[in-house]
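I opened my notebook for a quick look at this one. Here is what I looked up, in the order I got to it.

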Amino acid sequence: MTKNRLNVKHMNLKQKLRVKDDTRNFYNGIFIDLGELVIFTGNVIRQLFQPPFEHRELVKQGFLLGNKSLALVVVTGFIMGLVLTMQMNPILSDFGAQTLLPGVIAVSMVRELGPVITGLICAGKISSAIGAEIAAMRVTEQIDAMEVSGTRPLSYVVASRVMATTIVVPVLVILADAFSLLGAFLAVNIFEDTSITLFMNRAFSMLGFIDLFPATLKTVLFGFFIGLIGSYKGYTAGRGTESVGQSANSAVVISSLTIFVIDLIFVLITSIL
Amino acid sequence: MEKEIVIEIEQLYKSFREKHILKGIDLTLHKGENLGIVGKSGIGKSVLTKCIVRLIEADSGSINVLGTDVVSCDGEELNELRKKVGYLFQGGALYDSMSVRENLLFPVRRTQFVDRKHDTEELIERSLRSVGLLDAIDKMPSELSGGMKKRIALARTLILKPQIILYDEPTTGLDAVTSGEISELIQQIREEYQTAAIIITHDMKCARIATDTIRIMKEGQFVTEGTYEELSCSGEKEIRDYFI
């Protein structure tokens, strides 16, 4: 009886220690991952400036990755504009400020909603696709084959994709913003008859440099990190086939989180300025 | 006169966590020599070849390849060395988004900055002719059989004119006829390109055709060395068993 109790105690202690070990490993893992990501980022940035430059691969990746999210981004942007206008119209009407509606929609879409929602869509579609593709290349030893022939896969496979997303994501955000304004224009016309010129004049009258510059810079960073995190997760994937799914999954999670963090930092900076 | 040494490994150790894979490997490969490494699965044969090109970092020991210390050399030196060492992966590792032509062009374009179309075309055709697959030049890897993939991967290795080739189970997963052809091809390549090679294999027919000497690996160490004929008639049953 006593022996049994001792055994149970011993097991409980062992379990507790294991949980502690797991927790320690988890936190260590985060810091190791962060450290590796910093080194990886440095290496990728260095590769961006080293010849041979893969212009053709850059254009191909830009087209493929942009195409992948284009329809979703455009439709989401359009619906966001439409819905936001329909929600805001009654509230602004109560204050007799209906004329401000196009400007409010434009500012909220351009400054915040357009970049963040497009960023999240791209994290889901592009970052996961990059993560899965590069992880599959790792599993089938294609990356190893590039490494052993001295062809610097980091430059060909990773740098071209990171560059492509850095260019493509801001373009997608601009498209999302444009279609959201179109959606807003249609929604405004449900309540009153407004010309497109008047709507756009009212929308752009409230947009200034302070809205456009940080928003654009933010989207460039979103694009960079979406490509980088997807590539990092794929490049450091394990050897088994299950690592393909894991890479895609963690690429989405980490890039989505990164988008929110970058957004928060930009909001803090712009609010101070 | 003693032949030039192209690979020299001394006291190489490698562990993965608590599992000791390589336990003090010593190996010397001479110019023009085809050395076979035979042993059970999972005893570290592939780990050894991957350590040679530093795809896997060794824990301790020295690896000297073509006069370069692989363990301590920097990234640029390693890249330069890797251009002189070909590696044929088990599955071929062809780039599946590229055609056969692009697969062969890729290492040339990335390492030698060759822009003249005429020169690269000639290089590609010569390599494909060496492996007897000139007809497959415009095919995609998904359209190729296992044997064809290995041949194309070999052609891709040859295009950089390596001085050493590391073959990781070149005949695994192939039928007897095709694996015989690949083994003959390894011999032909040695004669045509004057390469030295390490051939990891379980296929004794391949070992007989393609190697000069064979080393048997057991529990992370080499236990014996000899020609196919010597080892297959060994007095030890354990060694003879590998050749059944």
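**Entry 1: a bridge in chain B.** I began with S15(B) and found that its bridge partner in β2(B) is H20(B). I kept in mind that this is a predicted model.

Entry 2: I then looked at how strand β1 (residues 5-16) of chain B meets β2(B): nine bridges join them, and the two run antiparallel. In general, strands of a sheet pair through backbone hydrogen bonds, either parallel or antiparallel.

**Entry 3: the whole sheet.** In what order do the four strands of the open sheet lie? I read it as β2-β1-β4-β5 in chain B, with antiparallel pairing. At the edges stand β2 (19-30) and β5 (68-69) of chain B; each has a single partner strand, so one side of each is left without a neighbour in the sheet.

**Entry 4: two helices in chain A.** Next I turned to helix α2 (residues 55-94) and helix α5 (residues 153-191) of chain A, whose axes are 6 Å apart and which pack at an angle of about 25°. Angles under 35 degrees count as roughly parallel, and α2(A) and α5(A) are therefore roughly parallel to each other. I noted their crossing as right-handed. Sorted by class, the contact of α2(A) with α5(A) has 28 nonpolar, 13 polar and three charged residues.

Entry 5: Which element of chain A has the lowest mean pLDDT? That is helix α1 (residues 2-48), at 70, while helix α3 (residues 101-139) has the highest, at 94. A reminder to myself: where pLDDT is low, the predicted coordinates should not be read in detail.

Definitions and conventions:
Residues are numbered from 1 along each chain as its sequence is written. Chains are lettered from A and ligands numbered from 1 in the order in which they are written. This is a predicted model: local features need pLDDT of at least 70, side-chain atom pairs count only at pLDDT 80 or more; totals for chains, interfaces and linings use all residues. Axes are lines fitted to C-alpha atoms, for helices over the stretch in contact, and angles run from 0 to 180 degrees between N-to-C directions. Angles under 35 degrees count as roughly parallel, over 145 as roughly antiparallel, 65 to 115 as roughly perpendicular and the rest as oblique. A crossing is left-handed if the near helix is turned anticlockwise from the far one by less than a right angle, and right-handed if clockwise. Ala, Val, Leu, Ile, Met, Phe, Trp, Tyr, Cys and Pro count as nonpolar, Asp, Glu, Lys and Arg as charged, and the others, Gly among them, as polar. Two strands pair if DSSP finds at least two bridges between them. pLDDT is the predictor's confidence in each residue, from 0 to 100.
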